[in-house]
Amino acid sequence: MIEGIIMTLENDKVLIIGGTSGFGKEIAIMAQHKDADVYVIGRDQDRVNELRYEENIQGSSLDAQDKDQLNHYFKKYGSFDHVISMLGGAMAGGFLNSPVEEIREAFDAKFFANLQLAQIASKHLNKNGSIILTSGSGGHPYDASGAIIGNQAINTMVAGLAVEMAPDFRANAVSPTWTPTGLWRDMNSKQLAKQTVDVEENVPLGRVAKIEEVASAYIYLMENDFITGQVLKVDGGVDL
Ligand SMILES: NC(=O)c1ccc[n+]([C@@H]2O[C@H](COP(=O)([O-])OP(=O)(O)OC[C@H]3O[C@@H](n4cnc5c(N)ncnc54)[C@H](OP(=O)(O)O)[C@@H]3O)[C@@H](O)[C@H]2O)c1
């Protein structure tokens, strides 16, 4: 290690919004192994309890799209070194065949939910802290309209936030492509297997990501103090 550069999460206070499943849960476990002080948020109380029981990670059940609940949370738990957001979902359907409401909902859940979070969380960051949002790769505008616009909006937002929050704070995003996580818990095993094969055929690296591969990108972005405004794609080259 170069003298004077400390790349560690030891004793850093890390909040993972959406840390009870999928990528977020893995980030929580990895950060805890690096001796960070880890906090997670999810809506489902059972999953929050499970994480406490299985991994001894403390969590809170709340809807992080709700401004009042978020403000209350930060008031109670104070400021953090890093705030990570998994807010956002997915949608299938193009621009012409999808109800406007559905596209609006997908965009709201991705862009406005994270914008609101960034506005609140940026007031509760310790010096040299960072915000990391979650974007997305793959898919096409013609069959994932609202989701694609949401991802593009996240990428644009982190570029703006990075400058607005500098020099004391950083903002970045991680962009995974389709990965089997809790996001797809409503798919049955046959649907999951078919989707996995479809993705594998379209990804240059020929497979889907391991959840750990995506989670490690957030750890890297937390630890490296000279990266800001970037979208780190962990997607096997799907858009190439
Ligand atoms: N997996 C993929 O294929 C893929 C691909 C590209 C991008 N992404 C992006 O990755 C993120 C999802 O991560 P994931 O795939 O790991 O899904 P996941 O397993 O479903 O995890 C999502 C986490 O976020 C929490 N969450 C969602 N909405 C919340 C809210 N309003 N308030 C509080 N907690 C909330 C969930 O807990 P509760 O459900 O209990 O609230 C859960 O802990 C999304 O931003 C998605 O767009 C995923």
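These legends accompany several close-up views of one predicted model. Residues are numbered from 1 along each chain as its sequence is written. Because the model is predicted, local features need pLDDT of at least 70 and side-chain atom pairs count only at pLDDT 80 or more, whereas totals for chains, interfaces and linings use all residues.

**View 1. The shell around the ligand.** Of the 30 residues around the ligand, those that come nearest are Gly 18, Gly 22, Arg 43, Gly 88 and Gly 182, a residue being near a molecule or strand if its C-beta atom, placed from the backbone, lies within 6 Å of it. Helix H1 (22–33) and strand S2 (37–42) each supply at least two residues of this shell, and H1 gives the most, with 3 residues; helices (H or I, at least four residues) and strands (E, at least two) are DSSP runs, numbered from the N terminus. Divided by class, the shell holds 10 nonpolar, 16 polar and 4 charged residues, where Ala, Val, Leu, Ile, Met, Phe, Trp, Tyr, Cys and Pro count as nonpolar, Asp, Glu, Lys and Arg as charged, and the others, Gly among them, as polar.

**View 2. The packing of H1 against H7.** H1 and helix H7 (residues 211–223) pack at an angle of about 60°, with their axes 8 Å apart (axes are lines fitted to C-alpha atoms, for helices over the stretch in contact, and angles run from 0 to 180 degrees between N-to-C directions). That angle makes H1 oblique to H7, given that angles under 35 degrees count as roughly parallel, over 145 as roughly antiparallel, 65 to 115 as roughly perpendicular and the rest as oblique. H1 passes H7 in a right-handed crossing; a crossing is right-handed if the near helix is turned clockwise from the far one by less than a right angle, and left-handed if anticlockwise. On the H1 side the contact is formed by Gly 22, Phe 23, Glu 26, Ile 27, Met 30 and Ala 31, which meet Ile 211, Glu 212, Val 214, Ala 215, Ser 216, Tyr 218 and Ile 219 in H7, with two residues taken to be in contact if their C-beta atoms, placed from the backbone, lie within 7 Å. By class, this contact has 9 nonpolar, 2 polar and 2 charged residues.

**View 3. H4 and its contact with H5.** The axes of H4 and H5 lie 8 Å apart and the two helices pack at an angle of about 20°, and they are therefore roughly parallel to each other. H4 passes H5 in a right-handed crossing. Residues of H4, including Ile 103, Phe 107, Phe 111 and Leu 115, meet residues of H5 that include Ile 149, Ile 154, Met 157 and Leu 161. The contact of H4 with H5 comprises 12 nonpolar, 5 polar and 2 charged residues.

**View 4. H3 beside H4.** Helix H3 (residues 67–77) and helix H4 (residues 100–121) have axes that come within 11 Å and cross at roughly 30°, so that H3 and H4 are roughly parallel to each other. H3 passes H4 in a right-handed crossing. Lys 67, Leu 70, Asn 71 and Phe 74 of H3 make the contact with Gln 116, Leu 117 and Ile 120 of H4, and these residues divide into 4 nonpolar, 2 polar and 1 charged.

View 5. Asp 35, in the loop between H1 and S2, has a positive phi of about 65° although it is not a glycine. With 12 C-beta neighbours inside 10 Å, Asp 35 counts as exposed, since a residue is buried if 20 or more other C-beta atoms, placed from the backbone, lie within 10 Å of its own, exposed if 12 or fewer, and partly exposed in between. Asn 128, which lies in strand S5 (residues 125–134), is likewise not a glycine and has a positive phi of about 70°, and with 13 C-beta neighbours inside 10 Å it counts as partly exposed. The peptide bond from Ala 166 to Pro 167 is cis, with omega near 5°, and Pro 167 is placed in the loop between helix H5 (145–165) and strand S6 (170–176).

**View 6. The surroundings of Asn 172.** Asn 172 is in strand S6 and, with 26 C-beta neighbours inside 10 Å, counts as buried. The C-alpha atoms of Asn 172 and Val 158, 14 residues apart along the chain, are separated by 5.6 Å. Not counting residues up to four places away in sequence, Asn 172 touches several residues, among them Ser 130, Ile 132, Val 158, Leu 221 and Leu 232.
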